[in-house]
Amino acid sequence: MALDLFAGISVSDYAAAVDWYTKLLGAPPSFLPNDIEAVWEVGDHQFLYIEVVPEHAGHAQHTLFVEDFEARIQAISERGIEPAKRETYENGVRHVTYYDPEGNEISYGGAPVE
């Protein structure tokens, strides 16, 4: 059975959010379903989207676990966004956290370094 994941992020400022997520994700939205949503494909059948829902803005928490952790974090830094937190757990898993202008938490995780 095929499964697509759409992870939503409520925002109040559409233009600022599109700009910030374009920098974070390294590409413009994959598609714009309407004038209050923007969608990025972050993997096969995996989508992150913003939607203007001001009363819910700032409460999202999403983690993307990636193979190219260090390269991805470096590329995000080169686009002008720095992580708010960088952690390495006892088991060696690496984790960085970003906060968008609304306060939504977007994190990246990476496997332990061998």
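The following conversation goes through several features of a predicted model.

Student: What should I know about the model before we start?
Tutor: This is a predicted model, in which local features need pLDDT of at least 70 and side-chain atom pairs count only at pLDDT 80 or more, whereas totals for chains, interfaces and linings use all residues. Residues are numbered from 1 along each chain as its sequence is written, and side-chain values use heavy atoms, with hydrogens and water left out.

Student: How many aromatic pairs are there?
Tutor: The count comes to five aromatic pairs. Rings of Phe, Tyr and Trp (its six-membered ring) pair if their centres lie within 6.5 Å; planes under 30 degrees apart count as stacked, over 60 as edge-to-face and the rest as tilted. One of the pairs is F6 with F47, which is stacked, at 4.5 Å centre to centre and 10° between the planes.

Student: Where in the chain are F6 and F47?
Tutor: F6 is in strand β1 (residues 5–11) and F47 is in strand β4 (residues 46–52), so the pair links distant parts of the chain, 41 residues apart. Strands (E, at least two residues) and helices (H or I, at least four) are DSSP runs, numbered from the N terminus.

Student: Is F47 buried or partly exposed?
Tutor: F47 counts as buried, at 11% relative accessibility. Buried means under 20% relative accessible area, exposed over 50%, and partly exposed in between (1.4 Å probe, protein chains only). F6 is partly exposed, with a relative accessible area of 42%.

Student: Why is the pair of F31 and F47 called edge-to-face?
Tutor: The ring centres of F31 and F47 are 6.1 Å apart and their planes are at 70°, so the pair is edge-to-face. F31 is in strand β2 (residues 31–34), 16 residues apart from F47. F31 is partly exposed, at 36% relative accessibility. One aromatic cluster is formed by F6, F31 and F47.

Student: New topic: helix α1. What span should it have?
Tutor: At 1.5 Å a residue, the 12 residues of helix α1 (residues 14–25) should span 16 Å, and its end C-alpha atoms are 16 Å apart, which agrees. The expected span is 1.5 Å times one less than the number of residues.

Student: Which residues of α1 are buried, and what do they pack against?
Tutor: The buried residues of α1 are A17, V18, W20, Y21 and L24. They pack against β1, β3 (37–43), β4, α2, β7 (94–99) and β8 (105–110). Contact here means heavy atoms within 4.5 Å.

Student: What is at the ends of α1?
Tutor: D13 caps the N-terminal end of α1, with a side-chain oxygen 3.3 Å from the backbone nitrogen of A15. Just after α1, G26 has a positive phi of about 80°.

Student: And H45, where does it lie?
Tutor: H45 lies in the loop between β3 and β4. H45 is not a glycine, yet its phi is positive, at about 65°. Its relative accessible area is 45%, which is partly exposed.

Student: Last one: which residues does S77 contact, leaving aside neighbours within four places in sequence?
Tutor: S77 is in contact with E82 and P83. S77 is found in helix α2 (residues 69–78). Its side chain makes a polar contact with the side chain of E82 (3.2 Å). A polar contact is a pair of N or O atoms within 3.5 Å; within protein, one must be able to donate a hydrogen and the other to accept it, and residues adjacent in sequence count only if both atoms are side-chain atoms.
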